[in-house]
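The points below are grouped by topic.

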Amino acid sequence: MRKLAALWELYLSSGSQHFRTPTEQKLNRVLNLLFSLNFFANAYLIVIELIMFFILLQRDFDTYIRYFWPFAIINAAYPLLIVLIIYLKNRYGTFRFTYFSTAIFTTYCVILAAYLGEAVNIHVILLAVMPIVFIMYDYGRWKEILIHTAIMVAGIACCIYLYRTTKPLYPLPEDLARIAGYLCYAAAVALIFIYSVYNWKQVHRTEKLLAEEKQQVERLLGETIPKLELAEAKYRHLVDDSADMIFQMDEHGTILSMNKTARHLLGFNPEEMVGKNILDFVTNTGDDDPEFNRNIARAQMAELMASMELVRFRTTLRRKHLYDPAEVELTLQKNQFQNMTEILGKISQIQEDKSQYFLLKEKARYVIGNNIMHAEILSQKISERLSRYFADPMVNTLRICFREMLINAIEHGNLGITFEEKSRAMESGDYMEFLLARQKDPKYAHRQVVVDYLINSRTLIFRITDDGEGFDHKAFLEQITKEDHISFLEHGRGILLARSVFDKVVFNEKGNQVILLKAIPQPAKSAKPAFVPSA
């Protein structure tokens, strides 16, 4: 008996590997039972048919021997089709194959009704099976319920139509037909009773599983929530007490969260920054291209979204109550959760390079491509070396001048962009796209800018050389002296700014090289103390 019970349990659980929830597993077991009832019902009918067939042969062998093959074929085909449905359900893990089992069962009953006629009451079995659909499916699954019900209603209608329009293909004597009708009633009642009891048992089993799962979940939550609260407290402590501004933003740059360091670094409360775009806090450069800093930030964010690599760059952010912006390093990292994209950011103060105070002399050569971000990075790098010799306002001015000359070498020198082309692109608002397209042009892509740099205790010298065609700098400088309005153009003021800051601005004859020279301020010599005779 134990082996039979184990085999029975194995059959009821067949296909359960495809179903995860207790409700689905309950439905799978109930369907397996229903399929088994098909076999029992079929076996029950076969036994009854064989008994009646034996009686009929005793009464009229020649007439009733013709009944054998039609009943044998249908009773053999029906269970084989049910076996196929069970295999498909377990193979593909879907309940949709039950539509075919309902259609097969209905067709089986209609054929028997056509064989034996109304007296046997085969349609009663269909009527008895119909409520099973409502027990089997959850409330609200009307699509499945309606399809199964429609199939069986159509089968009952076919039975009634056959009763009224055609004679039985294999009629039984009246006494045997009456007995067969009673047996069909008994089979219908047995099907409802067995299925209802089993379904009730499975519902109880499911409720028990759900109760056990609830207890497990409550126990796990009781263990996990304190750990999560502790981890969150540690994370919040690390974030809020960090010396850096830690924040989150979406892929469009809208700030989602900000730690308290924003109050110390920029003067803004975190809630004043949440909901705004990070670009709203990036300052104007106030020089040749007011959008330069924002364009750098936009380009870095675009690079971040195009790849999973971390980006890090310097920029300036406005302060709430101070005119001078904060020069910071901005680090961005993209995180993806399912279909959501969030960017984790860190804003750090620029750490002063202490080694600059030991600097006596430095000479270097740099080679950069046609990317204006390279100009920004190089200008920031070199300006760090100037703090020993110049006050902060002058260092910032020198950095801007040097950067503008680098950008001129890239844009107007290597990339051959005219002032008119730049004006049109800036007016249309797509200058960065225009610049990127020109950088990719094979005619200009190979060109570079070479920067020679020298600083000592007396002199600061930059030499910037591009691979462009050069320009008529003499005519340009002569035009400056005649047309004062040129200094108010939105761009093209880099040379004017450099001439006002550096002591010398010298171009080569071709116009593709410029030397910038600035004398280092010398400390005033202290006067010798006057001679005081001793008393």
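In this predicted model, a salt bridge joins the side chains of Arg59 and Asp175, with an N to O distance of 2.8 Å. The two residues belong to distant parts of the chain, 116 residues apart: Arg59 is in helix 2 (residues 22–59) and Asp175 is in helix 9 (residues 174–240). The structure holds 17 salt bridges, and the pairs described here include one between strands and one between helices 13 and 14.

**Salt bridges with partly exposed partners**

- Arg59 is partly exposed, because its relative accessibility is 46%.
- Asp175, the partner of Arg59, is also partly exposed, at 32% relative accessibility.
- Arg312 and Glu329 form another salt bridge through their side chains, at 3.9 Å from N to O.
- This pair links distant parts of the chain, since Arg312 lies in strand 3 (residues 311–317) and Glu329 in strand 4 (residues 326–337), 17 residues apart.
- With a relative accessible area of 48%, Arg312 counts as partly exposed, and Glu329 is partly exposed at 28%.

**A buried salt bridge and its network**

- The side chains of Glu376 and Arg403 meet in a salt bridge at 3.0 Å, N to O.
- Because Glu376 lies in helix 13 (residues 372–383) and Arg403 in helix 14 (residues 392–414), the pair ties together parts that are 27 residues apart in sequence.
- Glu376 is buried, with 5% relative accessibility, and Arg403 is buried as well, with 1%.
- A network of salt bridges links Glu376 and Arg403 with Arg399 and Glu404.

- Five strands make up an open sheet with antiparallel pairing, in the order 6-7-8-10-9.
- Strand 6 (361–368) and strand 9 (504–507) are the edge strands, each of which pairs on one side only.
- From one strand to the next, the twist averages 10 degrees.
- Strand 9 and strand 10 (residues 513–519) run antiparallel and are joined by four bridges.
- Lys504 has Leu517 of strand 10 as its bridge partner.

**Helices against the sheet**

- Helix 13 packs on the sheet and touches strand 6, strand 7 (449–456) and strand 8 (459–466).
- The direction of helix 13 makes about 175 degrees with that of strand 6.
- Helix 14 lies across strand 6, strand 7, strand 8, strand 9 and strand 10.
- Relative to strand 8, helix 14 runs at about 15 degrees.
- Helices 13 and 14, which carry Glu376 and Arg403 respectively, therefore both contact strand 6, strand 7 and strand 8.

**Cysteines**

- The count of disulfides is zero.
- Cys184 counts as buried, at 4% relative accessibility.
- Cys401 is buried too, with a relative accessible area of 0%.

How values were computed: Residues are numbered from 1 along each chain as its sequence is written. This is a predicted model: local features need pLDDT of at least 70, side-chain atom pairs count only at pLDDT 80 or more; totals for chains, interfaces and linings use all residues. Side-chain values use heavy atoms; hydrogens and water are left out. A disulfide is a pair of cysteine sulfur atoms within 2.5 Å. Buried means under 20% relative accessible area, exposed over 50%, partly exposed in between (1.4 Å probe, protein chains only). A salt bridge is a side-chain nitrogen of Lys or Arg within 4 Å of a carboxyl oxygen of Asp or Glu. Two strands pair if DSSP finds at least two bridges between them. Axes are lines fitted to C-alpha atoms, for helices over the stretch in contact, and angles run from 0 to 180 degrees between N-to-C directions. Contact means heavy atoms within 4.5 Å.
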